Amino acid sequence: MLEMQLKLISIWLVTFQWISNSDGSIESPSQSGNLNYWEQPFSQPYFDNATRRDVTATVGQMTYLHCRVRNLGDRSVSWIRKRDLHILTVGILTYTNDQRFQSLHSDGSDEWTLRITSPQIKDSGTYECQVSTEPKISQGFQLNVVISKAKIIGNTEMYIRSGSDINLTCVVLETPDPPTFIYWYRDRDVINYSGRGGISVVTEKQTRTSRLLISKAQPPDTGNYTCAPSASDSASVTVHVLNGEHPAAMQHGNSSNSAVTRLLPIFLLFVCHSIQVLLVTDVYVPARVVKLTR
C-alpha cells in the first residue's frame, strides 16, 4: 500500500512540476532553487520483487537471471558473483574474461538480464543485481546448475520369455523444463516402428516420462535399449528374449554356479589341511589277526 502511495505522489509531481510560493505565485523546481527534487525518497530506484529469484538450470543449457529495477534514472546496474565478489557486468558491458556471462538490456526497459551460456556445476551459487545508489542496493538470485539424466525403471538387465511383451518406462530426472523429445534406440539404431509391427511409444512431456512397448517379443528383439532425452544423459538396459528356457531358472542356475565357484577354494583348503595333519601326526594302528577261511 505504501509503495502504491509513493508511486501516485511521484506521478502527481511529475505531471505538474510546480511549487507554490508564499505570495501565491508558482514556479518550477529549478526556479525555486529546489535542486534536490529528484533525490526525494519516492524517486529512488527499487527492485520489482515479482521476478523469479531461485533458478534451476541444466548443465550446458543457456539460462537467464532477470532483474527488474524501477526508477533507475541515471544509475547503473551491475551483476556480481557473490562467492568471490567478482564484477561480471556493468550496464551492458562485460567485466570478466569468461565470455559466457553477458548482460542484456533493451532501451526503455526496466529489466537487466544476466545470460549464462553453457552453465556448469561450478556456476551454482548466488548472483547479485546491484544498483549504484548511495548506499548501494542489491538483490540476490540463487542459481542451481544440475545434471539432467534419464532413468529406466527396473533392473539394468532383463530376461523376457519369447512371446511376452517388452515394456520399458523412462523418467527424466533433474530437469527444470520438459524435454523437447525422447528417442528410443536398440543398440545404435533408432527403433524403427515401420520395420516391425506391435511397437508403440507414449511420451508425456509434462510428467517427463516415455513408455516403450514391444508386443510379442522374439529373440531378434534382444539388445541394448536406450532412452535418450534432449539435453539429458541417456539410460540403457539390456533385454534378453529367451526361447524355451525360463528366465527365473536361468538366473537361479547362474546364482548356483556362482555359489559353487565361491565355495571351491574353501573346500580345497580344507582338504589340503587334512592331508597335512595325516602326514605330520604319528598314528598308531594296532595289528589285527585275520583268520582266513576256505
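This is a predicted model: local features need pLDDT of at least 70, side-chain atom pairs count only at pLDDT 80 or more; totals for chains, interfaces and linings use all residues.
View 1. Cysteine 67 sits buried here, with a relative accessible area of 0%. A disulfide ties cysteine 67 to cysteine 129, at an S to S distance of 2.1 Å. The two ends come from distant parts of the chain: cysteine 67 belongs to strand S5 and cysteine 129 to strand S11 (residues 125-131), 62 residues apart. Cysteine 129 is buried as well, at 0% relative accessibility. Look along the S-S bond of cysteine 67 and cysteine 129 and you get a torsion of about -80°, so this disulfide is left-handed.

**View 2. The link between cysteine 170 and cysteine 227.** The link of cysteine 170 and cysteine 227 is left-handed, with -75° about the S-S bond. Again distant parts of the chain are joined: cysteine 170 lies in strand S15 (residues 166-173) and cysteine 227 in strand S20 (residues 223-229), 57 residues apart. Cysteine 170 is buried at a relative accessible area of 0%, and cysteine 227 is buried with 0% too. Count the bonded cysteines of the protein in sequence order and the pairing reads 1-2, 3-4.

**View 3. An open sheet of 5 strands.** The strands run in the order S14-S21-S20-S16-S17, and the pairing is mixed. At the edges are strand S14 (157-161) and strand S17 (189-190), each pairing on one side only. S14 goes with strand S21 (residues 235-242) in the parallel sense, over 5 bridges. Zoom in on tyrosine 159 and you'll find its bridge partner in S21, histidine 240.

**View 4. Phenylalanine 181 against tyrosine 183.** There are 3 aromatic pairs in the structure. This one is stacked, with 4.5 Å centre to centre and 25° between the planes. Phenylalanine 181 is partly exposed, with a relative accessible area of 34%; tyrosine 183 is also partly exposed, at 39%.

**View 5. The largest pocket.** Roughly speaking, there is about 380 Å³ of space in here. The lining counts 22 residues, and those closest to the pocket centre are Thr58, Gln61, Met62, Pro176 and Asp177. Two or more lining residues come from each of strand S4 (54-58) and strand S5 (63-70). S4 gives the most, with 4 residues. Sorted by class, the lining has 9 nonpolar, 11 polar and 2 charged residues.

Methods
Residues are numbered from 1 along each chain as its sequence is written. Side-chain values use heavy atoms; hydrogens and water are left out. On a 1 Å grid over the protein atoms alone, a cavity is a set of points where a 1.4 Å probe fits but cannot get out, and a pocket is an open set with protein on both sides within 12 Å along at least five of seven lines; lining residues have an atom within 4 Å of a point. Grid points are joined across faces, edges and corners, and a volume is the space filled by probe spheres set on the points. Ala, Val, Leu, Ile, Met, Phe, Trp, Tyr, Cys and Pro count as nonpolar, Asp, Glu, Lys and Arg as charged, and the others, Gly among them, as polar. Rings of Phe, Tyr and Trp (its six-membered ring) pair if their centres lie within 6.5 Å; planes under 30 degrees apart count as stacked, over 60 as edge-to-face and the rest as tilted. Buried means under 20% relative accessible area, exposed over 50%, partly exposed in between (1.4 Å probe, protein chains only). Two strands pair if DSSP finds at least two bridges between them. A disulfide is a pair of cysteine sulfur atoms within 2.5 Å.
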